[in-house]
Each structure stands twice: as structure tokens, then as C-alpha cells.
Amino acid sequence: MKAKYKGIIFDLDGTLLDAIEDIAAAMNRSLTHNGFQELAAEQYQEKVGWGIKRLAFLCLPQEAQSDDTAALVAADAARFYAETPLVHTRPYPGILELVAELTRRKTKMFVLTNKPDPVAQKVVAGIFPHGTFASVRGEISGKPRKPDPDCVWETLVEMDITPADVVFAGDSEIDMETAVVSGCFPLGVSWGYRPRQTLERAGARRIIENPDELLEFFSI
């Protein structure tokens, strides 16, 4: 770990926010709407992170797993989710205090998520003060998404900061893989949706237990 970093990219769901119940509610509504059985909320923890179409595919019964069916279920789920994305979603304990302190330290903060971009913007705006993050980027049709490093590089070029000066904090293997291939510091968080071993296998150089541990990466 270098002495101090200049910026941080946060994953959203499972890192800043616990959104699993709202995601599950929207996908379950879509599944039943399309004639499939819903899943328990806890079953979603191992399936989220790759984007809504991949989530829909993983939630379908094996005999129904096709790209066309997944696209249909995903489209309905995205519509349902956009209607009510903040019913149960809450920041994890210590997150609001963390981002407030990083703001005080003038740390550049970014959000990079595979959640559909319009919903990502709505959720962040509904939880955090305006201007907290230098940019918020969700999944945009035709644009690279995690773990493609281009989504990191495009974001950082706009803000004139290099990957070597950035911590990438996330709760999944997707986040750690993105950090590694883009050249950011891969920092796992233990309070999200994936077990510690998954983060370690994906290249996490450190895993923290509490949000305030992250402050040691940045100048006072």
C-alpha cells in the first residue's frame, strides 16, 4: 500500500448501501409477472453485481435460462425497480460518517456500479448530500461496465486522476477484478454480499471490517 491515495471509487450495493431487499422485490415482481417463481431475498446476495440482465438470467429456472427470456424479465425488473428503489435501501452503519469525513479531507470520491444508470443516479441522490461524489456511473447501454477497466479509466480521465492514486472499494469479486485490471488498489469490504474468501481469491490486497478503517488511506 502506498503512503496516501488521492481518490476512491466505491461500488454501490453491498459497499455503500444495503439494497438487497429492494432489488429482490423488483426482480421477484418481474419473475411472478412473467410466470416464474420468486426467490428468497437472501438468494440474491450471490447473484447480484453483474448487471440486471445477468441477474435475471441467474434467477430463472435452468430450463428457462435464455438470453431472450432474461432480457424480458430484466426489462420488467428495471421498470419495477425504478418505481420504488428506496423502500428498504439504507447506508451501512458508518458510511455517512465516512463520506462526510472524506469530503472534509477533499478526497475525490466516485461511484461505479452495474446497477442501471438512471436508478443509480436516483438512489445516490436519495441517500447522499448533493455533490458528495465527483461522478456516479451506472450501467449504460453500449458502454463498458465492471469488470471492464475502460469504465474506470473513462471516469478517472474526466477527473484528471490516475488509477495508481485511487482505492477501489467493493464487496464482490467483480469489484476486485475491476480494481486489479484497471490498476487501482483493490480494497474489499467484509460487510457486503460476498464472503471474505471470494474477495481474497479475486485479488483483494486488503479487506476491512469497518468503514472508518478506510480513512488511513487518505491524508488528514
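Reader: Let's start with Lys115: buried or exposed?

Author: Lys115 counts as buried, because its relative accessibility is 5%. Here buried means under 20% relative accessible area, exposed means over 50%, and partly exposed is in between, using a 1.4 Å probe and protein chains only. Keep in mind that this is a predicted model: local features need pLDDT of at least 70, side-chain atom pairs count only at pLDDT 80 or more, and totals for chains, interfaces and linings use all residues. Residues are numbered from 1 along each chain as its sequence is written, and side-chain values use heavy atoms, with hydrogens and water left out.

Reader: Okay, and where is Lys115 found?

Author: Lys115 is in strand 4. Strands are DSSP runs of E with at least two residues, helices are runs of H or I with at least four, and both are numbered from the N terminus.

Reader: What is Lys115 in contact with?

Author: Leaving aside neighbours within four places in sequence, Lys115 is in contact with Leu12, Asp13, Ile23, Tyr81, Ala120, Gly138 and Glu139. Contact means heavy atoms within 4.5 Å.

Reader: Switching to helices. At what angle do helix 1 and helix 2 pack?

Author: Helix 1 (residues 20–33) and helix 2 (residues 52–59) pack at about 60°, with their axes 11 Å apart. The axes are lines fitted to C-alpha atoms, for helices over the stretch in contact, and angles run from 0 to 180 degrees between N-to-C directions. Helix 1 and helix 2 are therefore oblique to each other. For reference, under 35 degrees is roughly parallel, over 145 roughly antiparallel, 65 to 115 roughly perpendicular, and the rest oblique.

Reader: Which residues make the contact there?

Author: From helix 1 there are Ile23, Met27 and Leu31, and from helix 2 there are Ile52, Leu55, Ala56 and Cys59. They divide into 7 nonpolar, no polar and no charged. In that scheme Ala, Val, Leu, Ile, Met, Phe, Trp, Tyr, Cys and Pro are nonpolar, Asp, Glu, Lys and Arg are charged, and the others, Gly among them, are polar.

Reader: And how does helix 2 pack with helix 3?

Author: Helix 2 and helix 3 (residues 67–83) pack at about 115°, with axes 8 Å apart. Helix 2 brings Ile52, Lys53, Ala56 and Phe57 to the contact, while helix 3 brings Asp67, Ala70, Ala71, Val73, Ala74, Ala77 and Ala78. Those residues divide into 9 nonpolar, no polar and 2 charged.

Reader: How many disulfides does a search of the whole structure find?

Author: It finds 0 disulfides, a disulfide being a pair of cysteine sulfur atoms within 2.5 Å. Take Cys184: the nearest cysteine sulfur, that of Cys151, is 9.7 Å away. Cys184 counts as buried, at 6% relative accessibility. Cys59 is buried too, with a relative accessible area of 5%.

Reader: What about the backbone? Which residues does the cis peptide bond join?

Author: That bond joins Lys146 and Pro147, with omega about 5°. Pro147 is in the loop between strand 5 (135–139) and helix 6 (150–158).

Reader: And what is phi of Lys106 near?

Author: Phi of Lys106 is near 60°, a positive value in a residue other than glycine. Lys106 lies in the loop between helix 4 (95–104) and strand 4 (108–116), and is exposed with a relative accessible area of 74%.

Reader: Where is Asp160 found?

Author: Asp160 is in the loop between helix 6 and strand 6 (166–170). Phi of Asp160 is near 55°, a positive value in a residue other than glycine. Asp160 counts as exposed, at 71% relative accessibility.
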